[in-house]
Amino acid sequence: YLLLRLVADATGKKGEGVMGRFVDAAVGGIQDLLTNPSAHPPLDPDDTLYLFETLGILIGQTGLDPPTQARYLHVILTPHIRNMEAIATLAAASGPDGGEHADALSAAIAAAAIMSKGLPAPSSREVAAVLVAVTNSACGALAAAPASASVRSRTAMLLHRMIKCLGPSLLDGLPPVLGALVGHCDADDVAEVGQLLFQLCAAYGDPAAHAVGGALLPFLERCATLPSCSGDEDADDAAGSGRPAAEEPSHVAVERLAIRKLTLKLISQVVQAGIADGVLLSAVNAPALGDVLRHVSDGVSVPPVARTCLLIFRHLVEGWCGGDGKTAAVVVAPGGVSGAVLATCPDGSVSVRPGGFLHHVLSFVVPDAVGKLLDPTFDGRDATAVRIVGEVAELVRAVRERCPPEDYERCFVAGLLYHRLGCPLEILESFRRSAGAAEIGGCLKCMMAAAKNGLKT
């Protein structure tokens with residue numbers, strides 16, 4: 001650790017330090033420590049990681065040109081890759097959890113990830129070639145022991161770093177790796193897998209649609225099982241005895257909510273990254289669009305996740321109902337979604353039928369969202385509640401801008417506000433006149449105040 005601090009301080013934040021002239025000697029000495037254990041006392045696992053991090057700083061932050069960086073990396077990582085592959089072979093023979101070899105395998109993957117911290121990102125072509133080799137080796141190690149939590153965690157850590165170093169070239173072999181991470185994740189590392197999917201969406205956009213799209217449904221399905229897979233006997237007993245959900249232990253409810261937030265955040269990342277078409281409407285995911293929309297709809301009236309759900313629907317309304325000219329040749333009605341939401345275009349691709357999707361949002365999502373604002377337990381003065389009101393206003397604004405005026409009047413003003421909620425006439429008129437989100441938000445607050453005071457037509 002002290003060597004790491006010395007090298008980091010002597011290198012300087014911008015590589016202006018004095019370590020550049022000592023790189024060759026320092027790298028050679030550290031390499032000898034790592035590869036010649038018979039000549040030195042055995043290294044503690046933490047000390048090994050400190051040395052790899054030191055190597056990353058020496059190679060990446062001392063002003064070396066890319067070919068020289070690649071040469072040093074090749075010398076260091078080639079024996080490391082051979083060692084990792086040898087351990088992976090032993091781990092694979094010990095079962096899916098890697099047996100007694102899992103810790104050594106995860107430590108080898110962690111060393112590569114920590115070393116890469118010191119390298120410049122994005123990497124040069126020469127450096128990237130070496131990093132691709134070590135990443136492929138780590139992914140092979142994951143395939144050898146996918147049931148090992150430590151191996152999954154360290155692989156996810158390496159991939160996080162490689163997103164920055166390798167760029168979109170990382171995506172080529174990623175689907176099977178994501179499949180292993182998603183298929184075996186548990187309550188302890190599901191957040192790490194979710195964060196990896198978030199970062200792929202944010203970093204790559206459209207190029208990531210295929211990889212993320214292939215992992216989306218398995219991830220949602222896996223998350224749906226995790227509360228009962230977490231080893232909580234009380235939760236299992238409650239499910240088996242038929243006790244109502246309200247009686248489940250509080251820590252199980254907290255875990256369930258955290259996982260629900262994770263799934264909704266992933267869908268939110270997909271729509272905000274502008275890849276909803278490539279992910280939600282892919283050949284793999286389109287048949288399950290109804291289930292995905294219902295999963296989001298169910299959260300609209302749940303305050304801890306309501307804002308995320310409303311944001312998802314607003315982005316979908318803005319993206320799918322923008323009048324892009326997509327027309328339906330064959331209309332498909334997914335299970336659980338009212339109206340014809342999906343359409344098959346003349347070229348065979350799947351798209352969203354704007355009228356059908358708007359009908360779904362107007363008939364189910366908006367009423368649930370507005371109705372929750374009038375719930376006696378909803379405190380409009382709370383900071384979270386204020387943000388929810390603002391997001392409801394944004395959704396209503398997006399819907400109004402894209403649906404025919406007569407539909408807005410019939411479904412929202414007359415159908416919901418007047419007949420179902422009994423809003424005072426002056427509030428109905430203010431909704432008719434309002435256009436922007438700020439004006440609609442003001443109308444919603446007036447409606448909430450009227451409901452609190454018991455005012456009706």
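Two residues are taken to be in contact when heavy atoms of the two lie within 4.5 Å. In the predicted model described here, this criterion was applied to Thr-54, a residue of helix α3, which covers residues 45-60. When neighbours within four places in sequence are set aside, the contacts of Thr-54 are Leu-3, Leu-4, Val-7 and Ile-30. The relative accessibility of Thr-54 is 1%, and because the limit for a buried residue is under 20%, Thr-54 is classed as buried. A polar atom of the Thr-54 side chain is placed 2.7 Å from the backbone oxygen of Tyr-50. In an α-helix, residues three or four places apart point the same way, because there are 3.6 residues a turn.

Helix α3 also takes part in the largest pocket, together with α2 (23-35), α4 (66-93), α5 (102-116) and α7 (149-166); these are the elements that give two or more residues to its lining. The volume of this pocket is about 630 Å³. The lining comprises 27 residues, of which Leu-34, Thr-48, Phe-52, His-80 and Asn-83 are the closest to the pocket centre. Helix α5 makes the greatest contribution, seven residues. In terms of residue class, 17 lining residues are nonpolar, eight are polar and two are charged.

The buried set consists of Ala-102, Leu-105, Ser-106, Ala-108, Ile-109, Ala-110, Ala-111, Ala-112, Ala-113, Ile-114, Met-115 and Ser-116. Among the elements that cover these residues are α3, α4, α6 and α7. The loop between α5 and α6 (125-144) contains Pro-122, and the peptide bond from Ala-121 to Pro-122 is cis, with omega near 0 degrees.

Two or more lining residues are given by each of α10 (209-229), α12 (250-272) and α14 (289-297). The largest share, six residues, belongs to α10. By class, the lining of this second pocket contains eight nonpolar, two polar and six charged residues.

Two cavities of 30 Å³ or more were found, and the largest cavity holds about 40 Å³ of space. Its lining is formed by Val-300, Ser-301, Val-302, Pro-303, Ala-306, Leu-310, Ala-369, Lys-372, Leu-373, Phe-378, Ile-388 and Val-392. The lining of the largest cavity comprises 10 nonpolar residues, one polar residue and one charged residue.

Methods
Residues numbered from 1 in each chain as written. Predicted model: local features only at pLDDT ≥ 70, side-chain atom pairs only at ≥ 80, totals over all residues. Heavy atoms only, no water. Helix = DSSP H or I, 4+ residues; strand = E, 2+ residues; numbered from the N terminus. Buried < 20%, exposed > 50% of the residue type's maximum accessible area, 1.4 Å probe, protein only. Polar contact = N/O pair within 3.5 Å; in protein donor to acceptor, adjacent residues only side chain to side chain. 1 Å grid on protein atoms, 1.4 Å probe; cavity = no way out; pocket = protein on both sides within 12 Å on 5 of 7 lines; lining within 4 Å. Points joined across faces, edges and corners; volume = space filled by probe spheres on them. Nonpolar A, V, L, I, M, F, W, Y, C, P; charged D, E, K, R; others polar.
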